[in-house]
Each structure stands twice: as C-alpha cells, then as structure tokens.
Amino acid sequence: MNKKNTFMMRAIELSIESANSNGGPFGCVIVKNNKIIAEGSNKVTANNDPTAHGEIVAIRDACQKLNTFKLSGCDLYSSCEPCPMCLSAIYWSRIENIFFANTRIDAKSIDFDDSFIYSEINKDLENRKIKMHQMHRDEALEAFKIWKNKEDKIKY
C-alpha cells in the first residue's frame with residue numbers, strides 16, 4: 001500500500017473509532033515529509049465544542065507539535081470533505097493538499113448538512129439567517145491602525 005493510501009486509511013480508522021465511541025464519524029491526519037505528524041477525530045459532543053471537528057483537532061495538534069501556525073509543506077487527509085469552517089482553517093494554516101474520502105453529499109445523507117452554510121456565505125449581510133449588526137466601527141479601527149503601523153508584527 002502506498003503512503004497516501006496508508007494516510008487515508010488512518011484517517012478512516014480514526015473516523016470509525018470516533019463513531020464507535022463518543023465522537024462524530026470523522027477523522028483526519030496531517031502529514032509532513034511523508035510522516036503523520038498529527039491526528040484528530042471529531043470531539044464536538046465529547047468536548048462540548050462546536051469547533052472540535054477532526055480537521056480542526058488535527059490542525060491544532062500539528063501547530064502545537066511544530067510550534068508554528070503555518071503548516072506549509074503539510075498535507076491533510078480527511079475521512080470526509082471538509083466543511084466550510086474546516087476548509088477556512090485549512091486555508092489559514094496554509095496546508096498544501098487536501099485528500100478526502102466521503103463527500104459533503106455523503107455527510108448530508110447522515111444529517112451532517114453544511115449546504116446552508118455555503119449558501120449563507122454568499123448572501124448579503126441583511127439576508128442571512130443569523131442577523132448581523134455592525135457597531136462601534138470607528139473605535140474598533142484603532143486596533144487596525146496600531147497593527148498597520150506595528151513594525152514587529154508577525155504576518156499571517
């Protein structure tokens with residue numbers, strides 16, 4: 001079995017272990033230099049944390065182990081196509097490749113439906129299900145001005 005298959009099978013194994021315990025049916029591994037450096041499975045209900053998806057758990061683990069917020073040079077293997085939140089985190093972390101097994105349509109068939117989130121993103125603010133209210137922009141811009149002029153900032 002080639003390395004990519006091995007990595008994907010480990011992500012699937014993690015998803016099965018999670019489904020058989022107290023997590024959702026999702027697993028993920030992050031690979032660098034052909035070696036698994038981090039693993040994650042869904043911990044949403046176990047941790048009472050709606051952001052504890054397998055990919056997020058694995059990204060947090062990888063960042064801690066590598067002592068960086070940039071996962072350049074890493075690949076992610078997930079048992080399922082990443083949801084919008086996880087996909088955003090993958091982009092922010094600069095992971096280079098995503099490999100996945102189940103699709104979001106497969107996930108929808110077992111009541112993990114994120115299609116409404118994809119549709120919400122493209123809506124104008126006033127048309128979203130969760131109402132958004134902007135306030136105190138002038139005051140908040142102060143932090144942005146400080147950041148813009150900060151000479152020792154770490155860009156991400």
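Author: Ile30 touches Lys35, Ile36, Ile37, Ala38, Ala58, Ile59, Ala62, Leu71, Cys74, Asp75, Leu76 and Ile95, leaving out residues up to four places away in sequence. Contact here means heavy atoms within 4.5 Å. The model is predicted, so local features need pLDDT of at least 70 and side-chain atom pairs count only at pLDDT 80 or more, while totals for chains, interfaces and linings use all residues. Residues are numbered from 1 along each chain as its sequence is written, and side-chain values use heavy atoms, without hydrogens or water.

Ile30 belongs to the largest nonpolar core, which has 17 residues. Such a core is a set of buried Ala, Val, Leu, Ile, Met, Phe, Trp, Tyr and Cys residues joined through side-chain atoms within 4.5 Å. Buried means under 20% relative accessible area, exposed means over 50%, and partly exposed is in between (1.4 Å probe, protein chains only). Ile30, Ile59, Leu71, Leu76 and Ile95 have the most contacts inside this core. Strand 1 (27-32), strand 2 (35-41), helix 3 (54-66), strand 3 (74-80) and helix 4 (84-93) each supply at least two of its residues. Helix 3 gives the most, with 5 residues. Helices (H or I, at least four residues) and strands (E, at least two) are DSSP runs, numbered from the N terminus. Apart from this core lies another, of 7 residues, including Met8, Val29, Val31 and Tyr77. In soluble globular proteins, nonpolar side chains tend to be buried together.

Now the helix pair. The axes of helix 3 and helix 4 come within 9 Å and cross at roughly 25°. That makes helix 3 roughly parallel to helix 4. Axes are lines fitted to C-alpha atoms, for helices over the stretch in contact, with angles from 0 to 180 degrees between N-to-C directions. Angles under 35 degrees count as roughly parallel, over 145 as roughly antiparallel, 65 to 115 as roughly perpendicular and the rest as oblique. The crossing is left-handed, that is, the near helix is turned anticlockwise from the far one by less than a right angle. Helix 3 makes the contact with Glu55, Ile56 and Ile59. Helix 4 answers with Met85, Cys86, Ala89, Ile90 and Ser93.

Next, the cysteines. The structure holds 0 disulfides, a disulfide being a pair of cysteine sulfur atoms within 2.5 Å. For Cys63, the closest cysteine sulfur is in Cys74, 8.4 Å away and too far for a bond. Cys63 is buried, at 16% relative accessible area. Cys74 is buried as well, at 0%.

Asn33 sits in the loop between strand 1 and strand 2. Its phi is near 55°, a positive value in a residue other than glycine. Asn33 counts as exposed, at 70% relative accessibility. Asp111 lies in the loop between helix 5 (104-108) and helix 6 (115-121). Phi of Asp111 is near 75°, again positive in a residue other than glycine. Asp111 is exposed, with a relative accessible area of 72%.

Finally, the whole protein. It has 7 helices and 4 strands. From the N terminus, the elements run α-β-β-α-α-β-α-β-α-α-α. Of its 156 residues, 30% count as buried.
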